[in-house]
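Me: I have a new structure open and want a quick tour. Can you take my questions as they come?

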Amino acid sequence: MISCFDLKHHFKPRAGWMNDPNGLVYFQGYYHAFYQHAPHFESPWHEPMMWGHARTKDFIHWEELPIALHADQPYDCKGAWSGTAIVKDDTLYLFYASIAPLPENFSPAPGQKHIQNISVAFSKDGLHFEKYADNPIIREIPREGSFDFRDPAVMEKDGKYYCVIGSGNPDDQAARLLLYESADLFHWNYAGVLCEWANSVYCECPSFMPYGEKYLLTTSVCEKGKHYFSIMYGNFDGKHFIPEVTGEVHKGPDQYAGQVFLDHLGRHIMITWVPGWSYATFAEKNLGCLSLPIELKIENGKVKGYPLPEVRHLLKDSDPAVQITDNGFRLDRVLRDPIIHEGKIDDIKILRDEYLIEIFINQGEYIYTAVLC
């Protein structure tokens, strides 16, 4: 067991467990970050997940705010799980996976422990949230999906709203993102499979938004025994996403559940959960925090990710933990295998924050995040 130190440059709650970033959004002069939170425990699943809440103006100074979404309704009493945010008519809407108990006399699928639906809450001030009276807003799971049916990602384009939901299908052995349409954010129609991955179990934590004349789609894909974070750029015809560029710029290994949002300056900003599930029971106190904010760009047919200008002054050219080699670098970690990067390094930037290190290679061609202790 290891001890936990205070972080200087990353947001983490004062107490309790945190995981996935949720509802990343710019609203009324602040960047808001919500996150999966169990405020009374330092490890997960001892209480239903809620939405923690923090805000910042500069990604340096964070203000921790009261819980935004409690697990306090029959349809979400087993947890208010991950989702996204959207602003409409100066109102902030939070879309989330609402987790309910299995009904009596219900025959669950193998491995199913609860019901996953989609619900919404809204706020005029970004601080106090009201849940929609007719939640859940999406209840029926289409035959192309499975009981893994969660993490709504909502966007608007040309007056229509789209919701992407992570799912999978054990019969077809495919991970799938399912697409829904709406005119008002409350009433949704199923539109089909947006994108899928063969020989996989499910997708989760998607993000979907315009990027210039095309679109950016990201998701965490669960293959059998392995997760990876896929960033895609391509065309959307209103029913299907057709990728043109695919990248796995973030090499981890100590991060998961990245979420991307489009801010008021037109930047596609990604924040991930550090350190990911590998540390769920490793430390005496939860090590969970939010990563640095990363701007995603498509340049010369490649996905790149680099810290926002607001935080670049924190970056250094070297760190004692990073050993530059003839063909890359080596990073040693306590009790775990070293991280080895092979490839030409023209530029390296590093942020060291107590037990956490983030490394950016060649202006964002590769990103590494690691817990050192």
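Reply: Here are some questions and answers on strands, rings, turns and a cavity.

Me: What kind of model is it, and how are residues numbered?
Reply: This is a predicted model, where local features need pLDDT of at least 70, side-chain atom pairs count only at pLDDT 80 or more, and totals for chains, interfaces and linings use all residues. Residues are numbered from 1 along each chain as its sequence is written, and side-chain values use heavy atoms, with hydrogens and water left out.

Me: Start with β6. How many of its residues are buried?
Reply: In β6, 10 of its 10 residues are buried. Buried means under 20% relative accessible area, exposed means over 50%, and partly exposed is in between, with a 1.4 Å probe and protein chains only. Strands are DSSP runs of E with at least two residues, helices are runs of H or I with at least four, and both are numbered from the N terminus.

Me: Which residues point which way from β6?
Reply: T91, Y93, F95, A97 and I99 point one way. L92, L94, Y96, S98 and A100 point the other way.

Me: Which strands does β6 pair with?
Reply: β6 pairs with strand β5 (residues 79–88), antiparallel, over nine bridges. Nine bridges also join β6 to strand β7 (residues 115–123), again antiparallel. Two strands pair if DSSP finds at least two bridges between them. S98 in β6 is the bridge partner of A80, and A100 stands opposite I115 in β7.

Me: What happens at the turn between β5 and β6?
Reply: The hairpin has two residues between the strands, and D89 takes a positive phi near 55°. D90 is in the loop between β5 and β6 too. Its phi is near 60°, a positive value in a residue other than glycine.

Me: Why does D90 count as partly exposed?
Reply: Because D90 has 48% relative accessibility.

Me: Now rings. How many aromatic pairs are there?
Reply: The structure holds 29 aromatic pairs. Take Y93 and F186: their ring centres are 6.0 Å apart and their planes are at 70°, so the pair is edge-to-face. Rings of Phe, Tyr and Trp (its six-membered ring) pair if their centres lie within 6.5 Å; planes under 30 degrees apart count as stacked, over 60 as edge-to-face and the rest as tilted.

Me: Where do Y93 and F186 sit in the chain?
Reply: Y93 is in strand β6 (residues 91–100), and F186 is in the loop between β11 (174–182) and β12 (189–198). The two are 93 residues apart, and the pair links distant parts of the chain. Both Y93 and F186 are buried.

Me: What about F208 and Y215?
Reply: Their ring centres are 5.7 Å apart and the planes are at 35°, so that pair is tilted. F208 and Y215 are both buried.

Me: Which residues do ring pairs link into a cluster?
Reply: F11, Y26, Y31, Y35, F59, W62 and F261.

Me: Switching to cavities. How many of 30 Å³ or more?
Reply: The count comes to one cavity of 30 Å³ or more. On a 1 Å grid over the protein atoms alone, a cavity is a set of points where a 1.4 Å probe fits but cannot get out, and lining residues have an atom within 4 Å of a point. The largest cavity has a volume of about 50 Å³. That volume is the space filled by probe spheres set on the points, with grid points joined across faces, edges and corners.

Me: Which residues line the largest cavity?
Reply: H9, H10, F11, F59, W62, I271, L290, S291, L292 and P293 line it.

Me: Last topic, β27. Buried or exposed?
Reply: Six of the six residues of strand β27 (residues 356–361) are buried, so it is largely enclosed by the rest of the structure. L356, E358 and F360 are on one side, with I357, I359 and I361 on the other.

Me: What are the neighbours of β27?
Reply: Six bridges join strand β26 (residues 348–353) to β27, antiparallel. Six bridges also join β27 to strand β28 (residues 366–371), antiparallel as well. I348 stands opposite I361 in β27, and I357 stands opposite A370 in β28.

Me: Which peptide bonds are cis?
Reply: The bond from N135 to P136 is cis, with omega near -10°. The bond from V274 to P275 is also cis, with omega near 10°.

Definitions and conventions: On a 1 Å grid over the protein atoms alone, a cavity is a set of points where a 1.4 Å probe fits but cannot get out, and a pocket is an open set with protein on both sides within 12 Å along at least five of seven lines; lining residues have an atom within 4 Å of a point.
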